[in-house]
Amino acid sequence: MRRTLVVGASAAGLAAAETLRREGYDGTLTLVGEEAHLPYDRPPLSKQILSGEWSPERLPLRARADLDALDLDLRLGHAATGLDLAGRAVLLADGTRLPYDGLIVATGVRPRRLPGEGDAHVLRTLDDALALRNRLGSGRRLVVVGAGFLGAEAAAVARGLGTEVTLLEPAPVPLAHAVGEQVGRVLSGAHLDHGVDLRTGVGVAEVSDTGVRLTDGELVAADEVLVAIGSLPNTEWLEGSGLKVADGLVCDEYSAAAPGVYGAGDVARWHNPLFGTSMRIEHRTNAAEQGMAAARNLLRPDARKPFAPVPYFWSDQYDMKVQAFGHLRGHDEVAVVEGELAARRFVVAYRTGDRLVGALAIGMPPKAIRGWRQAVATGASWHEAVDAPPPGGASARRT
């Protein structure tokens with residue numbers, strides 16, 4: 001293998017490129033990125049960049065000198081538009097045809113949009129964050145459509161800047177589908193305590209120049225609108241290639257989509273053998289870990305290893321630090337295993353079937369949840385976990 005192509009120059013793509021070099025690959029290594037910026041970190045966009053705490057100069061994942069040391073054929077500002085799987089080549093928007101022997105697809109996701117949303121903001125790129133940051137402050141009115149983690153973080157930052165915030169969510173309890181109703185209510189309470197006008201169970205009909213019109217006809221006035229209703233995997237350029245696409249690039253347990261083709265990061269839907277299910281994870285840690293795993297499997301096809309992580313994510317909202325390990329969606333039960341929900345300082349565990357599948361902590365030190373991560377990784381039964389909790393845990397109190 002003398003020509004390797006990584007499409008996507010964010011956390012997953014860069015991790016793949018670095019791993020290939022670190023593991024001894026000395027052939028041509030091309031890294032393609034749609035944005036003109038050097039590879040940068042995305043989690044700070046809705047936190048430190050939006051608040052103005054950081055300047056954009058702090059975002060790059062690596063200094064230019066470190067990228068140069070990788071001896072990359074760096075193609076920034078060029079979107080991939082097609083894949084010739086049989087001919088082993090990727091087509092770029094400028095007409096360039098890039099041949100490859102091995103390919104890693106790490107093209108990430110883009111924001112889901114509302115029909116006719118006009119000049120509403122989204123928050124995925126550095127340019128998005130800077131555009132919104134310049135419109136926030138005392139005396140300004142922001143409506144956030146969508147109270148998921150991204151919308152919630154942006155709402156918290158905006159309130160900290162003195163912006164009047166209305167947060168709209170169609171579900172009765174924000175994030176209940178992901179973390180359970182009890183934890184969702186805790187997070188909702190923080191918004192209310194900080195003066196956010198949180199409206200649940202509402203639908204949005206349209207975004208106009210003056211605000212957001214709800215399905216019941218009410219106009220929620222705003223100077224700025226942020227749409228944070230989820231994302232779509234960037235797989236359009238793979239249409240007609242022969243690769244399977246279904247809410248992401250479909251991969252096996254090795255992150256392989258086809259011989260010599262691997263997926264990594266937000267765009268990849270792969271079979272995680274630890275949980276026995278297909279998943280697509282949009283979290284920073286997973287992007288880097290899967291980029292590394294895909295690179296190793298591509299480089300050594302005879303010694304491939306399944307990619308079977310315990311997913312991890314975190315969120316910062318007001319003075320709360322949220323940390324979670326595992327696969328929480330679709331859980332059957334939630335139990336408080338340490339602390340108190342009312343104090344916003346607790347650890348909760350999640351059950352699916354007869355197995356512990358995850359744990360989430362708010363306002364707790366990292367050591368409080370590490371033992372639960374290990375229990376998830378070893379496939380502990382629910383009975384083992386709640387009746388004989390890992391170090392740092394306590395007997396469960398079911399909610």
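Me: In which sense do β10 and strand β11 pair in this predicted model, and over how many bridges?
Reply: Strand β11 covers residues 197-200. β10 and β11 pair in the parallel sense, and the number of bridges is four.

Me: Which residue of β10 does Val-144 stand opposite, and over how many bridges do β9 and β10 pair?
Reply: Strand β9 comprises residues 141-145 and pairs with β10 in the parallel sense. Within β10, the residue opposite Val-144 is Leu-167. The number of bridges between β9 and β10 is five.

Me: How many of the six residues of strand β10 are buried?
Reply: Strand β10 runs over residues 164-169. A residue counts as buried under 20% relative accessible area. The strand is largely enclosed by the rest of the structure, because the number of its six residues that are buried is five.

Me: What is the strand order of the open sheet of six strands, and which strands stand at its edges?
Reply: The six strands have mixed pairing, in the order β3-β2-β1-β7-β19-β18. Two of these strands have a single partner strand each, so one side of each is left without a neighbour in the sheet. Neighbouring strands of this sheet are turned by 20° against each other on average, direction ignored. The edge strands are β3 (73-76) and β18 (256-258).

Me: How many bridges join strand β2 to β3, and what angle does the direction of α1 make with that of β2?
Reply: β2 (residues 28-33) and β3 run parallel and are joined by four bridges. Within this pairing, Val-32 stands opposite Arg-75 in β3. Helix α1 packs on the sheet, where it touches β1, β2 and β7 (102-105). The direction of α1 makes with that of β2 an angle of about 170°.

Me: Is Ser-10 buried or exposed, and which residues is Ser-10 in contact with, leaving aside its neighbours within four places in sequence?
Reply: Ser-10 lies in the loop between β1 (3-7) and α1 (11-22). Its relative accessibility is 18%, so Ser-10 counts as buried. With neighbours within four places in sequence left aside, the residues in contact with Ser-10 are Tyr-40, Arg-42 and Leu-61.

Me: In what order do the three strands of the antiparallel open sheet stand, and which residue of β6 is the bridge partner of Ala-89?
Reply: The order of the three strands is β4-β5-β6. The edge strands, each pairing on one side only, are β4 (80-84) and β6 (97-99). Between neighbouring strands of this sheet the average turn is 25°, direction ignored. Three bridges join β5 (residues 89-92) to β6, and the bridge partner of Ala-89 in β6 is Pro-99.

Me: How many aromatic pairs does the structure hold, and what are the centre distance and plane angle of the pair formed by Trp-270 and Phe-307?
Reply: The structure holds four aromatic pairs. One of them is the tilted pair of Trp-270 and Phe-307. Trp-270 lies in strand β20 (residues 268-272) and Phe-307 in the loop between α8 (284-299) and β22 (312-317), so the pair ties together parts that are 37 residues apart in sequence. The values for this pair are 5.2 Å centre to centre and 40° between the planes.

Me: Which residues form one aromatic cluster with Trp-314?
Reply: Tyr-312 and Phe-325 form a tilted aromatic pair, 4.7 Å centre to centre with 35° between the planes. Because Tyr-312 lies in strand β22 and Phe-325 in strand β23 (residues 320-326), the pair ties together parts that are 13 residues apart in sequence. Tyr-312 counts as buried at 18% relative accessibility, and Phe-325 does so at 12%. The residues that form one aromatic cluster with Trp-314 are Tyr-312 and Phe-325.

Me: Over the ring of which residue does the charged end of Arg-304 sit, and at what distance from its centre?
Reply: The charged end belongs to Arg-304, and the ring is that of Tyr-254. From the centre of the Tyr-254 ring, the distance is 4.1 Å.

How values were computed
Residues numbered from 1 in each chain as written. Predicted model: local features only at pLDDT ≥ 70, side-chain atom pairs only at ≥ 80, totals over all residues. Heavy atoms only, no water. Pairing = 2+ DSSP bridges. Helix = DSSP H or I, 4+ residues; strand = E, 2+ residues; numbered from the N terminus. Axes fitted to C-alpha atoms, helices over the stretch in contact; angles between N-to-C directions. Buried < 20%, exposed > 50% of the residue type's maximum accessible area, 1.4 Å probe, protein only. Contact = heavy atoms within 4.5 Å. Phe/Tyr/Trp six-rings, centres within 6.5 Å; stacked < 30°, edge-to-face > 60°. Lys NZ or Arg CZ within 6 Å of the ring centre and 35° of its normal.
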